[in-house]
Structure formats: C-alpha cells, structure tokens
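Open the model in your viewer and keep the selection panel at hand.

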There are 2 protein chains.
Amino acid sequence: MAENNSNFMSGVPELLILRLVREKEMYGYELVQAIRERSHDAIALGEGVIYPVLHALERDGALSSSRKTVNGRSRVYYALTAAGAQRLDDLAGNWSRLTDAIQSILIGVQHA
Amino acid sequence: MAENNSNFMSGVPELLILRLVREKEMYGYELVQAIRERSHDAIALGEGVIYPVLHALERDGALSSSRKTVNGRSRVYYALTAAGAQRLDDLAGNWSRLTDAIQSILIGVQHA
DNA sequence: TTGCCATACCTCGCGACACAAGGCATTATA
DNA sequence: TATAATGCCTTGTGTCGCGAGGTATGGCAA
C-alpha cells in the first residue's frame with residue numbers, strides 16, 4: 001500500500017524538507033519560514049504539515065534529530081541520514097519526471 | 001472553502017483534462033489513454049479519477065457534454081467552454097508558479 | 001507587572017481527492 | 001462461446017494537506 005505510484009503527485013512537503021535539511025540541520029519552526037521565504041510566499045506550509053512529516057521521516061530513518069538549547073529555547077534539529085539522502089534523490093527524480101510529463105502535455109508537444 | 005491556497009498541489013487531473021479537451025472534443029475513455037500516451041506512461045490516471053472530474057467540471061460549467069454514437073458505441077464527448085478556458089488558464093498559471101517555486105528550492109537558488 | 005507578540009513544540013479532526021475495485025452494457029476477436 | 005476491448009459509471013478506502021487549537025518560554029512595551 002505504499003510501494004506503487006499511488007498519489008503520484010504527493011509528497012512535496014517531504015521533498016522540500018529533505019532538500020532544505022540537506023544543506024544544514026534545521027528545526028521545524030525554521031523550516032516553516034524557510035519554505036515560505038525561499039518560495040517567495042508561493043508555498044506556505046503550516047506547522048500542522050511540517051511537524052507530522054518530520055516525525056514520519058525520523059521514524060523511517062530518513063532524518064535524525066537532536067535536541068539543542070539556544071537562548072533558553074529548546075529546539076529539535078533534524079539532520080539528513082544516508083537513507084534520507086537516498087530518499088531525497090528518489091523523490092526529486094520522481095518529481096522531475098512527473099513535472100516533465102505534465103509540462104509536455106501542457107505545451108502540447110507532438111508525442112511519438 | 002475553495003478560494004484559498006488549500007491543497008496547493010492538487011487538481012492536476014483537472015488541469016490535464018482541460019488542456020487536452022481544449023485541442024478537441026474528447027470522451028472519458030479516450031482521455032484515460034491520451035494522458036497515458038502523451039506522458040509516456042509517466043502518468044496513468046484511471047477511470048475512477050477521470051469520470052468524477054469530468055462530471056464536476058461539467059457541473060461547474062467548465063465543460064459541456066454531448067452524447068454521440070459511433071460504431072454502435074455511445075460516447076459522451078466533452079468540449080471546453082469559455083469558463084473552462086478561463087479555469088484552464090488559472091490552473092496552468094498556478095501550476096507554473098508552484099513548480100517554479102519548488103524548482104528554485106530544489107536547485108538551491110540564492111533567495112533575496 | 002501585566003499583557004502581548006514571537007519563538008518553538010505538538011496533536012486532533014476535517015475535508016478533499018486520487019485510486020482500486022467493481023459493476024453494467026456492447027462489440028470485436030479468438 | 002468465451003474473452004478481451006470499448007465505453008460508461010459508482011462506491012469505499014486511505015492518504016495527506018491543512019486549519020485550529022493547545023502548551024510553554026522569552027522579550028518587550030504599556
């Protein structure tokens with residue numbers, strides 16, 4: 001129930017999180033803002049999206065977490081694991097293939 | 001409950017259908033195959049996806065239908081209305097903005 | 001000191017939607 | 001005479017994005 005091409009265009013939040021965390025360790029609240037800023041407000045994922053995805057990714061071994069206190073603030077930093085990097089590659093590849101396919105239909109390219 | 005940015009990456013089946021029907025009148029079964037072929041099997045939407053969307057689009061006035069019999073086969077052809085063309089433009093614009101935003105995050109472009 | 005906002009974490013419940021599976025009817029094919 | 005292909009459709013399920021809400025701390029202004 002999770003291996004096929006189901007929900008073919010889903011998992012974008014997951015993709016974005018993995019990609020951002022690849023650059024540097026980040027925490028949930030930070031990710032919410034980073035996605036908003038880097039997308040110039042085109043994408044605004046709330047915490048209700050981010051946190052569950054983070055937990056799922058950690059449970060699946062794609063992310064590892066470490067609690068750190070900064071300025072008396074307790075933060076949960078997430079880092080990409082090797083499995084997470086693999087998953088990121090897979091998701092990015094899928095996303096690329098999918099958008100290419102959609103784009104070619106939108107453009108109206110002649111199909112073989 | 002339908003005006004905000006909710007389910008931001010959804011509605012791709014709708015987008016593809018509107019785009020294909022813009023070229024020429026098509027019927028459900030034909031759309032299923034056309035999407036599969038034009039995407040080179042990257043996208044395979046079943047009839048359980050196509051028909052409900054067609055009905056919803058017609059209900060909303062984006063498509064008009066006409067029943068025609070070909071070779072003893074009864075087909076329901078769908079054509080794009082003016083409202084449908086408008087909706088197509090909107091969806092295509094949204095899709096473009098969304099994929100651009102995602103792409104820029106994936107690439108890692110410097111953000112202002 | 002008393003609010004209020006920002007930071008930072010989290011969960012619950014709703015709704016939408018894509019999908020598989022199935023059902024019905026007809027025509028062509030083996 | 002089956003079986004596949006054509007052509008239409010609906011129902012049920014699971015997933016997932018999301019808003020709303022809840023907790024707690026720190027800083028700042030009134």
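Start by selecting Ser65(B) and Tyr78(B): Ser65(B) stands opposite Tyr78(B), which belongs to strand S3(B). Helices (H or I, at least four residues) and strands (E, at least two) are DSSP runs, numbered from the N terminus. The model is predicted: local features need pLDDT of at least 70, side-chain atom pairs count only at pLDDT 80 or more, and totals for chains, interfaces and linings use all residues. Residues are numbered from 1 along each chain as its sequence is written, and chains are lettered from A and ligands numbered from 1 in the order in which they are written.

S1(B) is joined to S3(B), residues 73-80, by two bridges, and the two run antiparallel. S2(B) and S3(B) are also antiparallel, with eight bridges between them. Two strands count as paired if DSSP finds at least two bridges between them.

Next, go to the turn. S2(B) and S3(B) make a hairpin with two residues between them, and Asn71(B) in that turn has a positive phi of about 55°.

Which part of chain B gives the most to the side that touches chain A? In total, 22 residues of chain B are in contact with 22 residues of chain A (contact: C-beta atoms, placed from the backbone, within 7 Å). H1 (12-23), H2 (28-38) and H4 (82-107) of chain B each supply at least two residues of that side. H4(B) gives the most, with nine residues.

Finally, superpose the chains. Chain B can be laid on chain A with an RMSD of 0.1 Å by a turn of 180° and a shift of 0.0 Å along the axis, using least squares on the C-alpha atoms of residues with pLDDT of at least 70 in both. That is the relation of a two-fold axis.

Technical notes
Contact = placed C-beta atoms within 7 Å.
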